[in-house]
Amino acid sequence: MITSPKMKKLNPSITIIFVISASIILLNRYTQFHINDYRVHFFFLFFSVSLMVILIGQFFKKLQSNWSIIAVFLIIGILCGLKAFFTWGGDWKTQTILYRNIQNKGKTINYQLRGDRFAFGYKKRIIGIYHLAPFMEWTIDVDTLYLDKTKWRKINLQVNEMKLK
């Protein structure tokens, strides 16, 4: 009779951190949830990918030493840095806060620009933003022609986050 060796139990704290960071990355990618700081985005990306590799490696009993785990962090860090350099298109920056919700001051409608990295000019959008945290927000496309003016106060506050003249 062949007995199978006991499977190594996965570290629960690593598993929880992986689930949280991977969930945030997936929400950012597939929903209206938006991480508005590229450093925070790549921090979550780095941890979710690194911990996924570590969990798989520990499950198959390949990553047993601290040096192998440090090597995984270094390799994933370099790969995430390269991904950031080649794929990051720039952050959306608010130029003008057009409207603020009368009942909830955390909801605004903003005019935003994003500079194209390898081209000239800017992409533009008008977006409804609900601020969740200093680096997290929920965004909704808004058409200001059909805006309910009883719920929004026009403020036209110039923010100029891109520092344009």
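Leaving out neighbours within four places in sequence, Asp91 is in contact with Asn36, Asp37, Tyr38, Leu113 and Arg114. Before I go on: this is a predicted model.

Where does Asp91 lie? Asp91 is in the loop between helix H3 (66-87) and strand E2 (93-101). Is Asp91 buried or exposed? Its relative accessible area is 15%, and the cut-off for buried is under 20%, so Asp91 counts as buried. For a sense of distance, take Leu132: Asp91 and Leu132 are 41 residues apart in sequence, and their C-alpha atoms are 17 Å apart in space.

Now the domains. The domain assignment gives domain 1 as 12-87 and domain 2 as 93-158. Between the C-alpha centres of domain 1 and domain 2 there are 30 Å. Domain 1 puts 13 residues into the contact, and domain 2 puts in 9 residues.

Next, the interface itself. The size of an interface is often given as the accessible area lost when the parts come together. Here, domain 1 and domain 2 bury about 960 Å² between them, with carbon and sulfur atoms giving 55% of that area.

What about specific pairs? Between domain 1 and domain 2, the count of salt bridges is 0, while 4 residue pairs are in polar contact, both residues at pLDDT 80 or more. On the side of domain 1 that touches domain 2, the elements giving two or more residues are strand E1 (33-35), helix H2 (38-59) and H3. By class, that side of domain 1 has 8 nonpolar, 4 polar and 1 charged residues.

Definitions and conventions:
Residues are numbered from 1 along each chain as its sequence is written. This is a predicted model: local features need pLDDT of at least 70, side-chain atom pairs count only at pLDDT 80 or more; totals for chains, interfaces and linings use all residues. Side-chain values use heavy atoms; hydrogens and water are left out. Helices (H or I, at least four residues) and strands (E, at least two) are DSSP runs, numbered from the N terminus. Buried means under 20% relative accessible area, exposed over 50%, partly exposed in between (1.4 Å probe, protein chains only). Contact means heavy atoms within 4.5 Å. Domain bounds come from an automatic or database domain assignment. Buried area is the accessible area (1.4 Å probe) that two parts lose on being put together, summed over both. A salt bridge is a side-chain nitrogen of Lys or Arg within 4 Å of a carboxyl oxygen of Asp or Glu. A polar contact is a pair of N or O atoms within 3.5 Å; within protein, one must be able to donate a hydrogen and the other to accept it, and residues adjacent in sequence count only if both atoms are side-chain atoms. Ala, Val, Leu, Ile, Met, Phe, Trp, Tyr, Cys and Pro count as nonpolar, Asp, Glu, Lys and Arg as charged, and the others, Gly among them, as polar.
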